[in-house]
Amino acid sequence: MITWWRQPWIRRLMTSLAVVAVVELMTGPSGSFAAPTTGLIGSYNERVSVYGLFVGRRWMVFLVLALAFFGVWSAWLRGGPRMRAALRASTASPRDVASRRPVRWGFYVVLLVVAGFLPHLVNDPYWQSVLVEQIAVFVLLALGLNVVVGFAGLLDLGFVAFYAIGAYTTAWVTGALPTPAPFDVHLNPFWAIPVAIVFVMVAGILLGTPTLRLRGDYLAIVTLGFGEIITIFANNLYGITGGSYGSGGTTGSHPIPHFSIALGPIHYRWTLAPVPYYYLTLVFVVLFIIGFSLLEHSRIGRAWTAIREDEVAAESVGINPLKYKVMAFAIGAASAGFAGVVTASQSNFIFPATFTLQLSINVLVLVIFGGMGSIPGVVAGAVVIQTVSMYLIHTPPAGFQESDLYMYIGALLIVTMIFRPAGLIPSRRRRREIVLSEAGESHADEVLTGDVA
Amino acid sequence: MGAFAHFLAGHFDTLRLEFWSLLVGGVANGFIYGMVAVGYTLVYGVLRLINFAHSEIFMTGGFASYFVLRAVMGTSVPSGWATFGVILVGIIVGGTSGALAATLLERVAYRTLRRRNAPKLAYLISAIGASYFLFNLAGKEFGRYNESMPQPYINHPVFTIFGAPVQLYYLVIVAAGAIMWLILDRFVAATKLGRGIRAVAQDAETASLMGVNIDRTIAITFALGGALGGVGGFLFGLGSGVVYTMGFVPALKAFTAAVLGGIGNLRGAMIGGLILGVVESLSIAFVQAAYFDVVAFGILVLVLLVRPTGILGERLGRSA
């Protein structure tokens with residue numbers, strides 16, 4: 001005999017109400033310490049107009065939503081297998097087609113062409129700069145973090161540190177920091193690219209060699225601390241990084257120069273205009289995508305997979321886990337370093353406030369939501385999430401503040417992990433691992449096994 | 001070389017002059033770290049996972065006690081016995097809300113994954129998501145600024161140690177920390193539920209064969225750690241005010257304390273917290289204020305590299 005509140009349908013109803021109430025809180029007006037009620041009560045009682053059809057209180061709308069949610073959930077439980085089969089039948093064929101090689105390559109070419117014309121399709125200056133600063137750069141960051149989290153299975157929460165190092169290196173070698181550039185030679189940002197990439201890779205090796213011996217969750221917290229420390233140093237070393245005033249420092253106004261080419265007959269200077277930067281970044285995005293996909297299926301990539309799936313087994317067949325993990329760290333850092341160069345050069349000045357832990361989490365959610373280990377997934381995740389967040393910031397709906405974004409990002413992380421752990425476009429290998437682990441076949445990564453680990 | 005010696009001598013002078021007051025502050029901080037560290041250690045003991053959202057349980061404790069204290073105290077500044085009453089209310093509210101938040105967190109971000117037997121990375125990510133979600137939600141509902149806790153009269157020195165005043169605030173922290181830790185230690189060591197926790201920590205599968213309800217044990221473990229974390233949040237907020245991001249740095253340090261003492265080890269958590277608090281506090285004499293938070297992190301890295309099992313080693317099952 002089950003007590004009444006343990007009845008499945010009561011639980012379902014309660015959960016529906018709770019979920020919808022949380023959503024209502026999230027989308028409601030903001031409150032303050034002085035009047036927390038504006039947030040808590042306001043989000044229920046505020047008057048809303050539903051497309052002009054009727055004007056009511058928010059709680060009515062959300063009550064209807066909760067009941068609808070409950071209905072769909074119950075229907076799904078009752079007819080779930082049938083509905084799932086129908087859904088699969090309607091979506092299966094395109095997926096089969098998509099997995100054929102020529103089709104897939106054709107699709108990629110179309111995507112590339114669209115990406116090439118994108119700045120001409122969106123004429124709005126806001127969206128053009130978003131394309132570079134918020135989408136292209138974040139695609140680069142996500143590609144890099146994907147190598148670490150997706151390929152090697154290492155949770156890095158301080159990825160922003162590499163981005164910061166890339167940006168600050170650029171500022172340094174172009175002579176824009178309070179500390180003089182090496183040999184007082186002010187380089188073109190093009191030359192900063194290799195320097196920055198080498199710097200971040202070295203930083204990756206230096207950080208990785210001691211810390212990558214640690215288990216996964218320790219690594220996460222150490223990298224998190226590393227990211228914080230880089231920010232603390234950037235914020236406080238006034239003589240070197242300009243401190244909280246950024247690359248200009250307290251006195252300087254010397255900006256980080258834009259890219260420029262002077263190769264024989266070709267003379268071109270990038271300016272503040274975002275579109276040329278977009279093309280430059282696009283070229284590098286494509287290069288990094290090609291490089292990382294080749295890497296994924298190379299000897300190194302297979303070693304990463306082996307370590308991720310079962311470190312002990314990998315070690316027993318002669319793979320040195322530490323070596324390959326450090327490699328993942330350094331290689332993943334490279335694209336973040338390049339992203340740093342672009343950001344520094346495009347915005348002329350850099351500030352430590354850009355390189356926060358929030359940014360690391362933001363990049364992490366792109367990778368997780370897109371699909372760990374899946375390059376198309378990560379790119380799609382970055383484009384989708386960044387576009388949506390920038391849209392929300394640009395045209396905020398009622399009750400939305402820019403700082404609420406991370407609330408949604410946090411929620412998205414949980415929801416992805418619960419409902420679609422392999423992400424939007426899963427990597428086949430990753431999905432298989434999750435399925436195996438859930439079936440209890442894989443023991444390498446299991447929780448609750450007592451003393452294993 | 002001479003200049004460097006002079007530089008060091010200057011710092012040691014500061015240390016000599018300030019030693020006792022730094023020590024008192026450090027011990028008090030250490031007890032807060034210890035209280036929070038216990039939460040990490042308990043969860044780690046049974047799940048072998050770091051609970052990344054523990055910082056938000058700490059914050060919940062601070063926020064809940066803030067609102068209740070504001071309602072209880074109004075504009076009055078209690079003194080004498082009323083002070084103790086107010087503090088007791090704060091501790092109870094902080095502990096209860098922390099325990100509730102931790103149980104809820106376990107329900108949403110952990111149990112759903114455990115049902116599916118998800119890989120380890122999934123738990124870490126969902127906990128990080130929960131942490132981000134919770135503190136930003138708090139920021140949205142209550143504003144993104146620091147608000148000082150309603151103050152009972154607790155800042156007056158009770159006695160002095162070698163000239164260093166010991167405020168009532170510090171005594172409250174030490175007493176609360178010590179009492180709660182003792183109760184917890186006895187609970188885990190001597191009660192049936194505590195035995196269940198130790199059994200799950202040693203071998204979950206066997207424990208469940210012996211009739212231990214794993215889901216319930218894990219929920220209780222979260223609640224216990226959450227209660228101490230919530231009280232830590234209240235006591236911390238009493239001194240530093242409450243703000244939606246208040247959990248991040250103290251929790252990172254508490255984690256350091258847990259690792260330092262040996263994660264999975266209850267006594268280790270308290271010892272680690274004390275050592276960390278004192279060392280960090282004494283380091284004020286040597287590092288600039290801006291780099292204060294770097295010290296704890298440096299200790300964390302050092303411990304992980306040199307002795308990852310911490311001072312007492314990791315065994316919730318045996319030594320707790």
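This is a predicted model: local features need pLDDT of at least 70, side-chain atom pairs count only at pLDDT 80 or more; totals for chains, interfaces and linings use all residues.

Entry 1: From H17(A), the residues A:Tyr406, A:Met407, A:Ile409, A:Gly410, A:Ala411, A:Leu413, A:Ile414, A:Met417 and A:Ile418 take part, and on H4(B) they meet B:Ala122, B:Ile125, B:Ser126, B:Ile128, B:Gly129, B:Ala130, B:Ser131, B:Tyr132, B:Phe133, B:Asn136, B:Leu137 and B:Lys140. Sorted by class, this contact holds 15 nonpolar, 5 polar and 1 charged residues.

I then looked up the geometry: the axes of H17(A), residues 405-419, and H4(B) come within 7 Å and cross at roughly 150°. Angles over 145 degrees count as roughly antiparallel, and the two helices are therefore roughly antiparallel to each other. The crossing of H17(A) and H4(B) is left-handed.

**Entry 2: the chain contact as a whole.** I next asked how many residues of each chain are in contact, and found 50 in chain B and 47 in chain A. On the side of chain B that touches chain A, the elements giving two or more residues are helices H3 (81-116), H4 (120-142), H9 (248-261) and H11 (292-306). H4(B) gives the most to that side, with 19 residues. By class, I noted 31 nonpolar, 9 polar and 10 charged residues on the side of chain B that touches chain A.

**Entry 3: chain B on its own.** I counted 12 helices and 2 strands in chain B, and from the N terminus on the order of its elements is α-α-α-α-β-β-α-α-α-α-α-α-α-α. Its C-alpha atoms fill a box of roughly 65 × 55 × 40 Å along the principal axes. For 320 residues a compact globule would have a radius of gyration near 20 Å, and the 20 Å of chain B agrees with this.

**Entry 4: inside chain A.** The domain assignment of chain A gives domain 1 as 1-31 + 54-76 and domain 2 as 118-438, and I find their centres, taken over C-alpha atoms, separated by 38 Å.

I also looked up a helix pair in chain A, where the axes of H7 (residues 160-173) and H14 (residues 321-347) come within 7 Å and cross at roughly 45°. That angle makes H7(A) oblique to H14(A), and their crossing is right-handed. Among the residues making the contact are A:Phe162, A:Tyr163 and A:Thr170 of H7(A), and A:Phe338, A:Gly340 and A:Ser345 of H14(A).

Conventions: Residues are numbered from 1 along each chain as its sequence is written. Chains are lettered from A and ligands numbered from 1 in the order in which they are written. Axes are lines fitted to C-alpha atoms, for helices over the stretch in contact, and angles run from 0 to 180 degrees between N-to-C directions. Helices (H or I, at least four residues) and strands (E, at least two) are DSSP runs, numbered from the N terminus. Angles under 35 degrees count as roughly parallel, over 145 as roughly antiparallel, 65 to 115 as roughly perpendicular and the rest as oblique. A crossing is left-handed if the near helix is turned anticlockwise from the far one by less than a right angle, and right-handed if clockwise. Two residues are in contact if their C-beta atoms, placed from the backbone, lie within 7 Å. Domain bounds come from an automatic or database domain assignment. Ala, Val, Leu, Ile, Met, Phe, Trp, Tyr, Cys and Pro count as nonpolar, Asp, Glu, Lys and Arg as charged, and the others, Gly among them, as polar. The radius of gyration is taken over C-alpha atoms; the globule rule is 2.2 Å times the number of residues to the power 0.38.
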